[in-house]
Amino acid sequence: MTYFVGLDVALKTTAVCVVDDHGNILKESSLITDANDINQWLSQNGFSASRIGIEASNLTIWLYKELRSLGHPVTVIETRHAKAAMAAQNMKTDRNDARAIAQMMRTGWYKPVHVKSDESQRIKTIITARKMIVNQRIALDNHIRGALKVFGIKISVTRGRGSFDKCVRDLIAGDGELEAAFEPLLEIRKTMAAKSDQLERMLITAAKKDAVCTTLMSIPGVGAMTALLYKSVIDDPARFRRSRDVGAHLGITPKKYASGETDYDAGITKCGDRLLRGHLYEAAAYILRPSTKPCSLKSWGRNIAKRSSMKNARVAVARKLAVIMFRMWLDETQFEKNEPLEAA
């Protein structure tokens, strides 16, 4: 008999459902979220599963790798597909979700998600950690600016490292209460800046030592952070059948709605990695700047800007950039500024 298993994973417990090839529920249980416990339960009940399904989430990445190491055929399924199947149920429970996932494994109505390598996960973790620190520092700056406006103290745009800190200290000097209120914030801000710089240096060093990243960094506007982020998100270029699929994977392709007499394109799908999409957009904006040296990609983008808008041109260049970076990675070639652009 063929068995299909659905796992609905939560922080403490995991709902398990086993169905046969006819869709009949054979056994259900709620287990501790641990690969060894799940493996023991399947072995004790004699279930040698053909497919085991887990919905994509941060926690399931770890569980997927642990179960795979124990020899189980685990598949991480796309969240939107899982949500559509679960929405057909009358009640939302962990037990019902596990049943839905098991039936998806049986019917094959799911889209598998690529689980990145440990190296890519670690690089992405460092990048997102640095991004979090930078965002929190910006939020802290805005809080300090807003709080000082109450007392009529306005901070102008500051330039250079340490100038914001010095400007605030100079403006509140001699006011004991304000100094007591803002001194801890300035110290925290200083620590944030130091830690952000530390992570940035670590990432730049890693990018310079990586052959793929140094190749990608030959493109104008693509720095160490963008190259590392691109490499960690794509992870394995062999999983894409065509170069143009990368643009769709990163959510930089237009939405399409065609039903009956209605047929139109909307904005981009935004279904991929948001951070990488932002980095590619910034790189595209740099390429399209008037001061940037001429190249085929810049000319192509500025022609789109003439027909449409600069915003649309940046999005188009970002998508084209993602495809070009993919081909450069596969072909191990440097960026050619005046090379004719192929359709992608």
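A residue is called buried when its relative accessible area is under 20%, exposed when over 50%, and partly exposed in between, with a 1.4 Å probe and protein chains only. The model on screen is predicted, so local features need pLDDT of at least 70 and side-chain atom pairs count only at pLDDT 80 or more, while totals for chains, interfaces and linings use all residues. Residues are numbered from 1 along each chain as its sequence is written, and side-chain values use heavy atoms, with hydrogens and water left out.

Select lysine 231 to begin, and find it in helix α9, where helices (H or I, at least four residues) and strands (E, at least two) are DSSP runs numbered from the N terminus. Lysine 231 counts as buried because its relative accessibility is 16%. Beyond its neighbours within four places in sequence, lysine 231 is in contact with Glu119, Ser120, Asp210, Val212, Cys213 and Trp329, contact meaning heavy atoms within 4.5 Å.

A pocket is an open set of points on a 1 Å grid over the protein atoms alone, where a 1.4 Å probe fits, with protein on both sides within 12 Å along at least five of seven lines, and lining residues have an atom within 4 Å of a point; the volume is the space filled by probe spheres set on the points, which are joined across faces, edges and corners. Of the 31 residues lining the second largest pocket, Arg277, Gly278, His279, Tyr281 and Glu282 are the closest to its centre. Helix α11 (274-287) gives the most to this lining, with seven residues.

Finally, select the largest pocket, whose volume is about 1,200 Å³. Its lining has 27 residues, of which Val113, His114, Lys116, His249 and Cys271 are the closest to the centre.
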